[in-house]
Amino acid sequence: MPYALFVLPTVRDVLDLDLLRRGGPQVVTGQDGLAARVRWVHVLELADAAHLLRGGELVLTTGVALPPEPVLLARYAADLAAAGVSALAVELGRRYVGELPAALVRSAADSGLTLIAFAHEVPFVEITEAVHALIIDAQLEELRASERLHEVFTELSVAGASLDQIVREAAILAGRPVILADLSHRVLACEPGRADPARLLAGFARRSRSLRASGRTAYDEASGWLYTPVGARGEDWGR
């Protein structure tokens, strides 16, 4: 998954907003997808616009423009899932009364799409404003964190701080243990924080070699490690 300092709201976070609770949201399919991050909210009343999406959207629709044919409804859900949307939320009452069409529900379930039905009307413009405010707040927090990181590490550089000092400050800022290792997976410095140092470093070289880099900075879900290269003048000497 892409890494960002800020944390985007999840589908569950969005549904917990008082505004959305008033709509009586029901998760019809895809309970497991409630942890998906919402990058943006998109009101979409077209049946063939999945190609316009970039992934991570919470799609809102009344269903007024969706096709009546079951096969086309199924394709609609499958296309949204393939586009990587976080969830599809349909307001009942305008096109669908009481429940969503079976073809849409089956396709969403088969595609792994989180499908939500609103029992009551909630103005979509209010939903977009509320959720986008959460997203913008998260982005502002990232900017503040970036400024703080720049200040701290500039001061450390000017002061000629040791590796231990740098790693200690990194751990304080992250609120997590930090390990600095060379390219041979040998530990050069470690700040365990509240973790047990012996457990943290047990088999470190083996675990470090098992990581499969997917970019300069990446998160490995299997180990729970976030790692990034360390270097100077264009040459990496550790991570």
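Biologist: Quick one to start: is R233 buried or exposed?

Modeller: R233 is exposed, at a relative accessible area of 85%, where exposed means over 50%, buried under 20% and partly exposed in between, with a 1.4 Å probe and protein chains only. This is a predicted model, in which local features need pLDDT of at least 70 and side-chain atom pairs count only at pLDDT 80 or more, while totals for chains, interfaces and linings use all residues. Residues are numbered from 1 along each chain as its sequence is written, and side-chain values use heavy atoms, with hydrogens and water left out.

Biologist: And where is R233 in the chain?

Modeller: R233 belongs to the loop between β10 (230–232) and β11 (235–238), and its phi is near 55°, a positive value in a residue other than glycine. Strands here are DSSP runs of E with at least two residues, and helices are runs of H or I with at least four, numbered from the N terminus. Most residues other than glycine have a negative phi.

Biologist: What about H185, buried or exposed?

Modeller: H185 counts as buried, because its relative accessibility is 17%. Its phi is also positive, near 70°, and H185 sits in the loop that joins β6 (178–181) to β7 (187–191).

Biologist: Switching to helices, how do α5 and α6 pack?

Modeller: Helix α5 (residues 124–158) packs with α6 at about 165°, the axes being 11 Å apart; the axes are lines fitted to C-alpha atoms over the stretch in contact, and angles run from 0 to 180 degrees between N-to-C directions. The two helices are therefore roughly antiparallel to each other, a label for angles over 145 degrees.

Biologist: Which residues make that contact?

Modeller: On the α5 side they are R148, L149, V152, F153 and L156, and on the α6 side I166, E169, A170 and L173, with contact meaning heavy atoms within 4.5 Å. Sorted by class, seven of these residues are nonpolar, none is polar and two are charged (nonpolar is Ala, Val, Leu, Ile, Met, Phe, Trp, Tyr, Cys and Pro, charged is Asp, Glu, Lys and Arg, and the others, Gly among them, are polar).

Biologist: What happens just after α6?

Modeller: There G175 takes a positive phi of about 70°.

Biologist: Last one, what does T10 touch beyond its neighbours within four places in sequence?

Modeller: With those neighbours left aside, T10 is in contact with L34, A35, A36, R37 and V38. T10 lies in the segment before α1 (11–15) and is buried, with a relative accessible area of 9%.

Definitions and conventions. Angles under 35 degrees count as roughly parallel, over 145 as roughly antiparallel, 65 to 115 as roughly perpendicular and the rest as oblique.
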